[in-house]
Amino acid sequence: MSNGAVETLSEVFDPVAALAPEPVPPVAGGGEANGAHSEETISKGGKREIVLGRNVHTTCLAVTEPEANDEFTGDKEAYIASVLARYRKTLMERTKYHLGYPYNLDFDYGALGQLQHFSINNLGDPFIESNYGVHSRQFEVGVLDWFARLWELEKNEYWGYITNCGTEGNLHGILVGREVFPDGILYASRDSHYSVFKAARMYRMDCIKVATLISGEIDCTDFKAKLLDNKDKPAIINVNIGTTVKGAVDDLDLVIKTLEECGFTQDRFYIHCDGALFGLMMPFVKRAPKVSFKKPIGSVSVSGHKFVGCPMPCGVQITRMEHINALSRNVEYLASRDATIMGSRNGHAPIFLWYTLNRKGYKGFQKEVQKCLRNAHYLKDRLRDAGISAMLNELSSTVVFERPLDEEFVRRWQLACKGNIAHVVVMPNVSIEKLDMFLDELTEKRSTWYQEGGEAQPPCVAADIGSENCVCALHK
């Protein structure tokens with residue numbers, strides 16, 4: 001893992017510059033997390049077990065039938081309005097303390113409010129109109145063309161659609177691979193998103209987990225050994241453009257080289273690139289492995305509600321036109337074709353994506369990438385200065401650090417955890433002020449968790465992030 005500076009297209013990236021950020025309005029403080037939480041459990045081996053959230057049945061909002069008497073209608077409307085007002089307040093509070101999940105919460109789609117009265121459904125193939133006329137295909141195809149240009153695939157050579165989430169993109173990409181190679185083996189690194197292994201179960205595919213480096217990248221030495229053990233079967237490979245926990249970017253070129261060294265010609269492998277988070281960030285980082293259909297890849301998917309910033313889960317899936325005929329079927333009911341996973345799709349999502357792409361464009365995303373990388377370096381440096389184990393992959397804005405001892409703190413800041421580590425994903429909405437608020441609270445709480453001479457001590461996370469990034473008592 002390299003500790004060198006990351007360069008963006010506009011200028012040389014200097015993480016030191018993040019130590020003197022331009023002033024921005026301060027983030028309001030206050031507020032404890034609402035509600036009870038499950039108690040943390042420790043297994044006999046001392047390793048943390050999964051801590052599940054509270055049962056929503058304890059806080060759900062019951063649906064009550066309206067009174068038959070019209071005189072009570074006003075009371076009912078007032079009650080509904082009060083519930084929504086309280087819910088809005090909760091959303092504002094939870095947004096203020098959100099750091100662990102890769103969602104860009106900085107957006108304003110007020111101009112699209114005029115469309116909320118329409119049931120917009122992009123049924124079937126995005127390129128062929130159906131009999132249902134309340135659709136947004138013209139926006140959907142415009143967005144798809146933008147991404148096809150980004151990944152260097154001509155209009156007449158690609159097929160794609162706006163998915164309902166990143167998982168659907170993975171399900172579709174791997175399904176295309178399975179249709180191209182019905183007897184193929186799926187290879188995915190252990191750090192791949194759980195949806196990849198869900199796809200293997202759903203499609204009843206043979207799936208081989210490949211080891212990862214300490215950074216979270218796929219270990220191509222182990223990949224090579226497993227390919228050679230199964231040379232008689234085609235290979236379907238999931239390549240991560242940003243892993244879930246560590247934000248690691250697999251080296252696409254090395255994966256392709258490994259396949260070739262093992263004797264797999266291009267007609268015997270299919271590569272799906274899971275770019276849920278960093279798929280849209282990497283094109284603006286010079287040193288990142290380039291994702292391009294000029295290379296022998298089969299499909300790419302990204303999420304629209306992550307770096308782009310959409311108010312509803314959505315995503316983009318692009319594949320080669322030559323592959324889609326194996327999936328596509330004519331549907332008389334729609335007067336269209338369909339090769340999607342879900343069929344019916346949120347017709348509002350393409351409009352939100354189109355709106356953002358038009359407002360920001362390549363230059364806007366480039367600036368946001370630079371901001372995220374700079375602020376991520378700032379967070380990592382401040383954690384290390386505070387004596388907290390932390391790691392930041394060179395091409396990532398995901399900062400991994402020791403898991404906070406208190407689960408209430410984890411829930412308050414909505415941190416994503418795995419074993420002894422947690423992470424913060426620095427998105428465009430995460431300001432230096434918000435990071436400072438988080439760091440101040442973490443260091444204050446930590447001083448009570450790990451008192452000098454006390455029984456509880458910070459965990460050793462060398463196995464997770466490397467001994468050079470661990471500052472436990474053993475590795476200081």
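Helix H3 covers residues 166–180 of this predicted model. With 15 residues, H3 runs 21 Å from its first C-alpha to its last, close to the 21 Å expected at 1.5 Å a residue. Most of H3 is tucked away: 12 of its 15 residues are buried, so the helix is largely enclosed by the rest of the structure. The buried residues include Gly-166, Thr-167, Glu-168, Gly-169 and Asn-170. Also on that list are Leu-171, His-172, Gly-173, Ile-174, Leu-175, Val-176 and Gly-177.

Stepping back to the whole protein chain, there are 11 helices and 13 strands. Of its 476 residues, 52% count as buried.

Now to Lys-306. An unreviewed UniProt entry places the feature "modified residue: N6-(pyridoxal phosphate)lysine" at this position. Lys-306 sits in the loop between strand E6 (299–303) and strand E7 (315–320). Despite its place in a loop, Lys-306 has a relative accessibility of 14%, and because the cut-off for buried is under 20%, it counts as buried. What does Lys-306 touch, leaving aside its neighbours within four places in sequence? Its contacts are Pro-102, Tyr-103, Asn-104, Ala-276, Leu-277 and Met-427.

Asp-125 is another loop residue, found between helix H1 (73–96) and helix H2 (137–150). Its relative accessibility is 4%, so Asp-125 is buried too. The side chain of Asp-125 pairs with that of Trp-159 through a polar contact of 3.0 Å.

Glu-152 is not a glycine, yet its phi is positive, at about 60°. Glu-152 lies in the loop between H2 and strand E1 (158–163). Its relative accessible area is 28%, which means that Glu-152 is partly exposed. Arg-204, again a residue other than glycine, has a positive phi near 55°. This arginine belongs to the loop between helix H4 (194–202) and strand E3 (207–210). Is Arg-204 buried or exposed? At 78% relative accessibility, Arg-204 counts as exposed, because the cut-off for that class is over 50%.

Methods:
Residues are numbered from 1 along each chain as its sequence is written. This is a predicted model: local features need pLDDT of at least 70, side-chain atom pairs count only at pLDDT 80 or more; totals for chains, interfaces and linings use all residues. Side-chain values use heavy atoms; hydrogens and water are left out. UniProt positions are given in the numbering used here, feature names are shortened, and annotations may be inferred rather than shown by experiment. Helices (H or I, at least four residues) and strands (E, at least two) are DSSP runs, numbered from the N terminus. Buried means under 20% relative accessible area, exposed over 50%, partly exposed in between (1.4 Å probe, protein chains only). Contact means heavy atoms within 4.5 Å. A polar contact is a pair of N or O atoms within 3.5 Å; within protein, one must be able to donate a hydrogen and the other to accept it, and residues adjacent in sequence count only if both atoms are side-chain atoms. The expected span of a helix is 1.5 Å times one less than its number of residues.
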